[in-house]
Amino acid sequence: MATLQLDNIVKDFGDTQVIKGIDLEVKDREFVVFVGPSGCGKSTLMRMIAGLESTTRGDISIDGVRINDVGPADRGLAMVFQSYALYPHMSVEDNMGFSLRLAKVKKAERREKVLAAARILQLENLLDRKPRALSGGQRQRVAIGRAIVRNPSIFLFDEPLSNLDAALRVQMRIELARLHDELDATMIYVTHDQIEAMTMADKIVVLQGGVVEQIGSPMELYHHPRNRFVAGFIGSPK
Ligand code: ADP
Ligand code: MG
């Protein structure tokens, strides 16, 4: 079980307020997509949820427990970024198992977890390869594999597909949807791609200038955008 609650979250960088009081509930196993223009605070919000950025005000809770003061490694979350830097000198297997090694998980158990993730991501035959011998899509799957091995209750994806070409993005979208079903995990996904948002989300959160403009299912936002901005962003005819 993993429900995420944000209560009046604020983030200041110096004199600039970039997140201006965000309330949000992400239910267990929900696939929630954050959309909004560049600079609206999507990555900052994700980094705050992940614990990589402090919270100026407000509470972040998982299953009702406030986690503001819990370190990133202990929040039960895993984040996949746009720039999925893999360690070039390590094999796929070692890249995927690296965080487990840091956590002092024994070799046999590490291998078991990496193999299970590799199976889900269809990377079983590539475990000995170095990243340079992989395609863009395969590398991105390794990055997702690094997250899966930690068995997180919540996955955070920050524009994970934006470096991939269009055809690969379509394929990865399908794979991520399958992953969501298979892992029964809660997923929060940032994109500025309308189609990604409309096809993948249970719930879309439209952000602008550090505030939530509207929250709803893709169909709710499409048919009942609250304003012109939301309509434009969702591609609604209104
Ligand atoms: P998005 O991911 O939606 O494009 P970001 O969350 O990266 O937006 O950025 C939101 C705003 O916060 C931007 O104006 C950005 O310049 C600013 N910002 C992000 N990180 C920092 C930082 N570490 N210090 C100062 N300003 C920052
Ligand atoms: Mg960003």
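Which helix gives the most to the shell around ligand 1? In this predicted model, local features need pLDDT of at least 70 and side-chain atom pairs count only at pLDDT 80 or more, while totals for chains, interfaces and linings use all residues. Residues are numbered from 1 along each chain as its sequence is written, and chains are lettered from A and ligands numbered from 1 in the order in which they are written.

Helix H1 (residues 42–50) gives the most, with three residues. Helices (H or I, at least four residues) and strands (E, at least two) are DSSP runs, numbered from the N terminus. The residues around ligand 1, including Phe13, Val18, Lys42, Ser43 and Thr44, are those whose C-beta atom, placed from the backbone, lies within 6 Å of it. By class, the shell has three nonpolar, six polar and one charged residues; Ala, Val, Leu, Ile, Met, Phe, Trp, Tyr, Cys and Pro count as nonpolar, Asp, Glu, Lys and Arg as charged, and the others, Gly among them, as polar.

Six strands form an open sheet with mixed pairing, in the order S6-S7-S8-S3-S9-S10. Two strands pair if DSSP finds at least two bridges between them. Strands S6 (77–80) and S10 (211–216) are the edges, each pairing on one side only. Strand S3 (residues 31–35) pairs with strand S9 (residues 203–208) in the parallel sense over four bridges, and valine 35 stands opposite valine 206 in S9.

H1 lies across S3, S6, S7, S8 and S9, where contact requires C-beta atoms, placed from the backbone, within 7 Å. H1 runs at about 155° to S7; axes are lines fitted to C-alpha atoms, for helices over the stretch in contact, and angles run from 0 to 180 degrees between N-to-C directions.

Terms used:
Contact = placed C-beta atoms within 7 Å.
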